[in-house]
Amino acid sequence: MINSTQTIRISSINESFDSQGVKIVSGYCSFSHYSKDGVVEENLAYRAKGAPAMSISEQQTAGVAIGYLDLRTIDNGTYKSKLATLVIRSFIPTATVVESEAPTLTQTVTPAKKTQSREDRQLVGAGAATSNGKGRLSTVDADDIPF
C-alpha cells in the first residue's frame, strides 16, 4: 500500500450507496506537482466511503486527502497497464481563496518617541536579596553590607 497525503481539488462527483446504506463517492480530482516544465496539474480517479464521502459530497471543493493509491492492473492482451485510484480514508476541506480586486487601505503608524526628562529618571540602588529558606525572599539594605 502506498500512503498518500495530497491537497486535491474535486473535479467530478458520482454518489451511490452500498447495501447497508453507507454513502460512496467516486470521480476525478486534480492535484498539482512540480516538474521540469514548472507546475503541472494532473487528474486522478478517487473513491471514498463513509465519513470522508459525506465530507466530499457536502463541500464539493478543495481539501487535504489522506489515503492510499490503489493500483489496478488492466490486461489488454499485448500489454498490461496500471490504473491508479486514490482511496480517500480522511478528507479535510480547506477554504478556497477568493482574490478580490478591491483596494485595501493601510495606514502606517509611527511610534512616538518617548523622551524622559532628567527629573523623571530614578537611580537604581544596589541591594542584595537572600532566601530565608521558606521560599520567601528577604531584601537586605545596601547600608547593612559590611564591606
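Predicted model: local features only at pLDDT ≥ 70, side-chain atom pairs only at ≥ 80, totals over all residues.
Q: Is Asn3 buried or exposed?
A: The relative accessibility of Asn3 is 64%. A residue is called exposed when this value is over 50%. Because Asn3 has 64%, the residue counts as exposed.

Q: Which residues does Asn3 touch, not counting residues up to four places away in sequence?
A: Contact here asks for heavy atoms within 4.5 Å. With residues up to four places away left out, the partners of Asn3 are Gly67 and Tyr68.

Q: How many Å apart in space are Asn3 and Leu86, C-alpha to C-alpha?
A: Along the sequence, Asn3 and Leu86 are separated by 83 residues. In space, their C-alpha atoms are apart by 9.5 Å.

Q: Which residues touch the most other members of the largest nonpolar core?
A: The largest nonpolar core holds 14 residues. At least two of its residues come from each of β1, β3, β4, α1 and β6. The members that touch the most others are Ile8, Tyr46, Ile56, Leu86 and Ile88.

Q: Which residues is Leu86 in contact with, leaving aside its neighbours within four places in sequence?
A: Leu86 is one of the core members that touch the most others. Beyond its sequence neighbours, Leu86 is in contact with Ser4, Gln6, Ile8, Leu44, Ala45, Tyr46, Arg47, Ala65, Tyr68 and Leu69.

Q: Is Thr85 buried or exposed?
A: Thr85 sits in strand β6, which covers residues 80-93. Among the residues Thr85 touches are Ala45, Tyr46 and Tyr68. The cut-off for being buried is under 20% relative accessible area. Thr85 has 10%, so the residue is buried.

Q: Why does Ser55 count as buried?
A: Ser55 belongs to helix α1, residues 51-59. Leaving aside neighbours within four places, Ser55 is in contact with Phe91 and Pro93. To be buried, a residue must have under 20% relative accessible area. Ser55 counts as buried because its relative accessibility is 15%.

Q: How many Å apart in space are Ser55 and Ser90, C-alpha to C-alpha?
A: In sequence, Ser55 and Ser90 are 35 residues apart. From C-alpha to C-alpha, the distance in space is 9.0 Å.

Q: Which element of the protein chain has the highest mean pLDDT?
A: The chain averages a pLDDT of 78, and 63% of the residues score at least 70. Strand β7 (residues 128-131) has the lowest mean among the elements, 54. The highest mean, 92, belongs to residues 14-17, strand β2.

Definitions and conventions:
Residues numbered from 1 in each chain as written. Heavy atoms only, no water. Helix = DSSP H or I, 4+ residues; strand = E, 2+ residues; numbered from the N terminus. Buried < 20%, exposed > 50% of the residue type's maximum accessible area, 1.4 Å probe, protein only. pLDDT = per-residue confidence, 0-100. Core = buried A, V, L, I, M, F, W, Y, C linked by side-chain atoms within 4.5 Å.
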